[in-house]
Amino acid sequence: MDNAKKFEEIMELIEFGEYFTMNHPRQFGKTTMLFQLKAALKKADDYLPISMNFQESDRKSYESDLTFGEMIIEQMMEDLEFSNPKLFEFLKAFPPLEKLTDISSLFTGLVRNTTKKIVLLIDEVDASSNYAAFLNFLGILRSKYLKRTDIPSLHSVVLVGVHDIKNLKFKLRNPEEAQFNSPWNIAVDFTVDLSFNPREIAPMLEQYSEAEEVQMDIPAIAERLHYHTSGYPFLICKICKNIVNYILPKRSDQKHWTLEDVEASVQILLKEVNTNFDSVFANLENHSDLYDLVKQVLLQGETIPFNQYNPTIAKGVLYGIFKRNGQVKVHNRIYEQLIYDYLASKMLTSTKRRINYGGFFLNEDNSLDMQAALNKFQSYMKEQRSEKDLLFLERQWRLIFLAYLAPLLNGQGHSFKEVETSEEKRLDIVVTYLQYKYIIELKIWRGEKQHQKGLNQLADYLNIHSVNNGYLLIFDPRKNKTWATETITLQGKTIYALWV
């Protein structure tokens, strides 16, 4: 992927001697960028990068100011032992720390022993932010940086992590009490977007195509990768790796990439267990407010204006679950699909409302009899209807249907969800089963006028997917439900509608 422009913007901050945090969600390309920055700075005659990583440190190092200071010196010595023997010897001879503030004079000594501009690079900086010693260290950095015009000091400080430095202090307390006015908040805003748009994805595909002599429609595949990932670097790389490792080896023609390969790779990715997905679910389970907001957006189709000062929304952005947008949306379609499947699975394992499927609704040609499957779901909903269940059914009907649908696919198919946050609060589901495709639209009954509008929208959607038959599942909140079914012909398409 082409990150040249992003690299130049970050280098410009370093050249200006800025102090900043490169903060983005996990596996967003931060560490890769840090390696590139260090390599470029080492090649430059006037810079000396010194790098550390707080993730790899012994937790005992954080127990006191002195052990934390010793850890910093050890990491600097390890980094400079071969690249700058003079500074290594200076650090080796530095007297034992009596207090953490001695680090300040150590930095001064480093600067005086070299003609180069020292750039401090610290990766995984927020891994230590639960410890007072780390926060004291930040305070020393701040003081040292502010006096740099009078006393020799570090030229630039780059902190890399998930959290912005101005919010690191709150991790010692209740996360809801974020300190927006931290006393050391001198970091400039980091506005470089590390995600990739299709134009930035294309160069990676071009390089691979030339190196491996593989043919592909580069603009179309770049667009499709962005469609599924919204530019999340980790997800883009995983989709491409899956094509190379799992899809191409299974066929004779290994010199062509297609859009179908991208779709197949997405399905492989959705079945993976990896640290990125683990982090998504851990953050949802650990933050009930975030969990509820995600359900509100995905399942209930609520339109919620984006506000960066809303702590729950900000938390979703911090963890990469939401993207900055005019309204609150899950960051990318892969995360949407993951969360849908996760919620449906939880529904299946927790509910006492077991469904007797009575068969797998297969036709003779091994296609799904979707109409029969939907009729069975309607019967199930009718059986479950009672006054005490009304509120549950009204709030959870979409999730109940997704949970109902999952076993029908039985490893032979997949479902893609597209939420339409409008007054209709539609949820469009594209089901693939073997070589067959089914379009199901879920929506709430809003009257005949909106019903007709919805039918036309579904007919248009069927045209986009080149499918002749569609299905419309309507939740009717009225007390006197009709439990009706109807077959409708519109724009040359056949739509089977049923009310639950």
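In the predicted model, helix 4 and helix 5 cross each other in a right-handed sense. Helix 4 spans residues 85-93 and helix 5 spans residues 102-112, and the two pack at an angle of about 150°, with 10 Å between their axes. Since angles over 145 degrees count as roughly antiparallel, helix 4 and helix 5 are therefore described as roughly antiparallel to each other. On the side of helix 4 the contact is formed by Leu87, Phe90 and Leu91, while helix 5 contributes Leu106, Gly109 and Leu110. When the residues of this contact between helix 4 and helix 5 are sorted by class, 5 are nonpolar, 1 is polar and none is charged.

Helix 7 (residues 198-212) packs with helix 9 (residues 233-247) at an angle of about 25°, and their axes lie 12 Å apart. Because angles under 35 degrees count as roughly parallel, helix 7 and helix 9 are taken to be roughly parallel to each other. The crossing of helix 7 with helix 9 is right-handed. Here Ile201, Met204, Leu205 and Tyr208 of helix 7 meet Ile236, Cys240 and Val244 of helix 9, and the contact of these two helices is made up of 7 nonpolar residues, with no polar and no charged ones.

The chain as a whole provides the setting for these contacts. The protein chain contains 17 helices and 12 strands, and 53% of its 500 residues count as buried. Among the contacts between residues at least 6 apart in sequence, 67% join residues that are at least 24 apart. In soluble globular proteins, nonpolar side chains tend to be buried together. In this model, the largest nonpolar core comprises 104 residues, and Leu205 and Phe401 are those with the most contacts inside it. The element that gives the most to this core is helix 16 (residues 390-409), with 10 residues. When residues up to four places away in sequence are not counted, Leu205 touches Met216, Ile218, Ile221, Ala222, Leu225, Cys240 and Trp257. Another core, of 39 residues, lies apart from the largest one, and includes Leu80, Val111, Ile118 and Leu135.

Tyr335 is located in helix 14 (residues 333-350), and, because its relative accessibility is 1%, Tyr335 counts as buried. Apart from its neighbours within four places in sequence, Tyr335 is in contact with Tyr232, Leu235, Asn276, Phe277, Val280, Gly320, Ile321 and Val330. Between Tyr335 and Phe322, which are 13 residues apart in sequence, the C-alpha to C-alpha separation is 9.6 Å.

Backbone angles were also considered. Most residues other than glycine have a negative phi. Ser466 is found in the loop between helix 17 (448-464) and strand 10 (469-475), and with a relative accessibility of 65% Ser466 counts as exposed. Trp483, also not a glycine, has a positive phi of about 50° and lies in the loop between strand 10 and strand 11 (485-490). With a relative accessible area of 17%, Trp483 is buried, since the limit for this class is under 20%.

Note on methods. Residues are numbered from 1 along each chain as its sequence is written. This is a predicted model: local features need pLDDT of at least 70, side-chain atom pairs count only at pLDDT 80 or more; totals for chains, interfaces and linings use all residues. Side-chain values use heavy atoms; hydrogens and water are left out. Axes are lines fitted to C-alpha atoms, for helices over the stretch in contact, and angles run from 0 to 180 degrees between N-to-C directions. Helices (H or I, at least four residues) and strands (E, at least two) are DSSP runs, numbered from the N terminus. Angles under 35 degrees count as roughly parallel, over 145 as roughly antiparallel, 65 to 115 as roughly perpendicular and the rest as oblique. A crossing is left-handed if the near helix is turned anticlockwise from the far one by less than a right angle, and right-handed if clockwise. Contact means heavy atoms within 4.5 Å. Ala, Val, Leu, Ile, Met, Phe, Trp, Tyr, Cys and Pro count as nonpolar, Asp, Glu, Lys and Arg as charged, and the others, Gly among them, as polar. A nonpolar core is a set of buried Ala, Val, Leu, Ile, Met, Phe, Trp, Tyr and Cys residues joined through side-chain atoms within 4.5 Å. Buried means under 20% relative accessible area, exposed over 50%, partly exposed in between (1.4 Å probe, protein chains only).
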